[in-house]
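Trainee: Could you walk me through this one, beginning with the sheet?
Mentor: Gladly, let us look at it together.

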Amino acid sequence: MRGRRNTVRRVAALGLLTLAAGGCGSSQIVDRIALVQTAGYDRAEGHIVTSLQVGEYTDKDKTKIKLLESDSTNSFDMMPQLNLETNKPIEYGQMKMMLFGRSYAEHGIGDVLKILSRDVKVQSRCLLAVSETTALEAMRATSNTDDTLFLMNMIWQNTKTANLKGQNLQQILYGYHGTGSDIFLPYITINKQHRAQLGGVALFKDDRVVAVAREAEVLYLKLLSERSREGSLLVKLRASGGSQPYLLLRVLSSHPKFKLVSAGPVPSIRIRVAMTVMIKSISETVKIENEAEAKRLERVIKRYVETGMSDFIAKCQGLRVDPIGFGDFVRTHRRGWDSVAFYEAYPSMKTEVRVSVKLLQSGIID
Amino acid sequence: MPNQQAYSMASILDSCKRSTDFVTTPLSTGKESFSFSYYKTLIDVEGLGHLLHALQTAAQTEEIGDLRGLLAHVPMDGLETDPDPERVREQIFKGCLLVYRDSDPEGPCALIPVPAKKGLRSSNETDMEFSVVGPKIGFIEDLDTNIHLLRAQLNTPDLVLKEILVGSISRSRVALMYIDGVANEENVAKMEKRLRAIDFDVVFDTSQLDQIISDNSRTPFPLFTTTERRDRVVYALITGQVAVISEGSPYFITGPSTLFDFFLSPEDYFLPWILGSFFRMIRIFGVIFSLFASSFYVALMTYHYEVIPKELLGRLIYSRENVPFAPFLEALFLEITVEFLREAGARLPSRIGQSLGIVGGIILGQAAVEASLTSNILIIIVSLSALTSFVTPIYKMSNAIRFLRFPIILLAAVWGSLGIAIAVCFLLVHLSRLRSLGYPYTVPFFPVRVKDMKDSLIRPSYAVTGTRPSYLKPRSRIRYKPEAERKSNDFDEE
């Protein structure tokens with residue numbers, strides 16, 4: 001009898017404890033919160049404008065985009081400020097895109113990056129990007145797309161299938177906190193049709209934007225910093241009378257290899273890039289009818305890419321930014337690497353780019 | 001099992017006499033007395049009565065001195081005099097009487113065929129455990145018929161039957177069956193001891209015995225397999241389990257059982273092994289889905305909106321728009337509705353049951369969504385998990401799974417996915433502590449028995465399943481020899 005009463009007590013205590021502990025957890029029922037999907041930071045006349053895209057799912061097939069904005073003096077109280085404007089509490093666990101206006105990014109995104117490195121609620125899937133106009137305008141340009149993550153999807157598909165090098169939040173934070181490389185973020189522009197588009201890559205020195213890499217440079221950055229299987233390149237061929245001939249290439253695979261020739265005081269690095277490419281389309285005036293002509297074309301492409309890459313590296317050296325991560329490369333090859341000394345000598349660093357191109361001749365479309 | 005050894009009459013009689021349904025009727029003709037031995041569950045007892053009566057009358061008018069004289073009075077065809085022991089062993093299971101003189105059991109004997117009792121009633125198809133492929137023979141409420149059905153498939157004197165009377169008022173006959181030389185005597189003794197120790201008034205069904213003799217009554221899980229299928233019981237017996245059935249019940253219980261016994265269906269063994277394995281894995285996946293689907297919905301919607309994929313987010317939020325309840329109450333409401341439907345439908349004749357399904361499933365579900373009391377995604381999840389709870393071939397297991405969903409949903413509502421993790425821990429600890437007839441319930445995974453894993457998650461080909469599971473400690477390890485079969489297939493087939 002006594003034993004049974006004890007069991008009852010034990011079960012009751014367990015039940016009460018469960019309920020009590022349950023009261024501590026904060027529930028965030030998914031349809032009773034406002035889910036931030038894209039956030040933006042802008043700087044205007046000394047104060048900071050923050051803006052959010054919140055999805056409203058009241059229609060079966062379409063998502064209504066609600067754009068919120070608020071003024072603040074700092075970058076930290078974005079959520080509480082915007083919370084004053086909504087009927088549901090704002091939650092940012094689903095935030096997958098953060099956009100910085102160019103003027104904001106030129107003043108430094110360090111504050112935000114510090115928040116991101118501390119806050120576990122922000123997903124590592126969260127992408128960062130810089131907008132040529134204000135972030136608010138870029139977001140507004142996507143408001144007729146019914147997609148609160150339009151910018152994120154746009155960047156994502158470009159890294160998956162095209163020329164952009166992909167980075168997740170951890171990689172960006174590593175680049176920011178580490179000493180051997182500089183960060184770069186996708187650069188979003190507004191075109192003449194008032195649509196947002198990917199306009200290049202913003203190059204950072206520490207936490208400030210200093211330049212933008214455009215067009216082929218975006219691909220060169222990708223090819224120089226990782227093995228890749230995607231990308232397309234438009235090669236301008238030398239005009240042989242008449243109109244300018246073009247050649248559109250698809251990169252099937254590419255593999256960069258760095259070799260440290262000498263570590264210093266002025267470092268010298270030899271870069272080899274092995275590429276396999278396919279011709280997607282070609283101007284009619286260019287003839288590839290036999291092996292010799294194909295070999296000749298391979299040489300043309302090789303020279304074109306080599307020049308492009310060398311120019312890009314020289315541009316980075318001139319700006320004293322290191323998005324490719326030469327610093328990290330040298331550090332892994334020499335003991336006692338010193339970042340200050342290295343970047344002191346960085347503009348005069350010698351690089352030699354050797355590209356080997358293999359032209360696959362299958363499926364040429366005219 | 002000894003298959004190829006020479007038999008003597010005495011050894012056959014001895015091995016048969018281990019079963020209580022092997023009986024010997026004496027017949028005295030004044031000068032000589034004869035014995036008629038037979039399995040009473042295999043022959044027509046009425047026909048035997050007529051025969052004995054005829055012989056008795058004959059003995060009163062005429063003196064019968066020997067077996068030949070006796071057989072002259074048997075009004076039947078197909079008598080066999082002096083069969084060899086091998087023939088006796090075979091025919092005794094086909095419904096023959098064995099006649100011999102009491103004074104000389106080793107001497108001349110004869111086999112008298114008595115029309116075999118028909119164990120099949122007009123419809124003894126399986127009701128609960130239906131199958132598309134394979135036999136559909138199920139047991140009925142008559143104990144003798146059930147034993148006859150088993151003996152008809154297992155023609156060996158090693159199939160031993162022990163009858164025990166259980167129930168202080170009902171005095172029900174309970175049959176304990178096992179294959180001698182396969183089942184471990186320890187298991188048989190344990191089961192017999194538990195059955196004899198039962199103090200109960202009226203035994204209605206074997207499933208009552210199941211609960212009384214089970215190792216642990218504080219569990220929702222069934223600890224013995226309950227089945228009405230003959231092939232299932234036979235399979236259990238040949239792997240070394242013990243089977244028990246009570247009078248008036250169409251259900252056998254077999255044990256010791258493991259958790260995985262409840263996920264195997266006889267059909268696995270009738271289909272090619274690739275398909276059998278696939279269906280078995282579908283079943284296991286279905287049960288896991290059934291246990292955790294609704295609780296994951298509750299946990300994700302209440303606490304972990306972060307992990308919802310972005311493609312699903314809009315759909316999920318839209319479906320819950322305007323639903324006034326928290327996900328927990330929403331899920332509970334729907335789960336209980338499904339249980340109402342099942343409970344109401346369980347006792348209705350099948351035609352009314354159908355219309356109940358339409359009312360419940362279609363009208364209620366549709367109306368609940370339109371009145372925005374629940375989200376339609378949850379309706380899909382709950383009906384899927386109700387569906388998948390029925391994929392276990394044994395009804396008692398699907399009951400346990402449906403019951404377990406509720407505490408898991410409650411934990412998910414209170415602690416989110418942490419609650420689900422706690423539920424999984426509780427469940428695993430509980431399962432690993434369970435015993436069936438003293439044997440661990442989760443074998444071969446805990447404790448690990450690598451050799452026995454081959455026929456658990458998948459059903460491998462017959463070439464590798466020639467041995468009995470070792471955790472049952474069978475007396476003989478080999479069930480059949482797949483190698484022998486393969487060798488004979490080599491060249492001489494053309």
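Mentor: Four strands of chain A form an open sheet with mixed pairing, in the order β10-β11-β12-β13; strands pair if DSSP finds at least two bridges between them, and strands (E, at least two residues) and helices (H or I, at least four) are DSSP runs numbered from the N terminus. This is a predicted model, in which local features need pLDDT of at least 70 and side-chain atom pairs pLDDT 80 or more, while totals for chains, interfaces and linings use all residues. Residues are numbered from 1 along each chain as written, chains are lettered from A and ligands numbered from 1 in written order, and side-chain values use heavy atoms, without hydrogens and water.

Trainee: Which strands stand at the edges?
Mentor: β10 (232–236) and β13 (350–360) of chain A each have a single partner strand, so one side of each is left without a neighbour in the sheet.

Trainee: And how many bridges join β12(A) to β13(A)?
Mentor: Eleven, and the two strands run parallel; within β13(A), L359(A) stands opposite V277(A).

Trainee: Switching to the two chains, how many residues does each give to the contact?
Mentor: Chain A gives 30 residues and chain B 22, contact meaning heavy atoms within 4.5 Å.

Trainee: What about salt bridges between chain A and chain B?
Mentor: The count is one: D31(A) pairs with R320(B), with the closest N and O atoms 3.0 Å apart, where the criterion is a side-chain nitrogen of Lys or Arg within 4 Å of a carboxyl oxygen of Asp or Glu.
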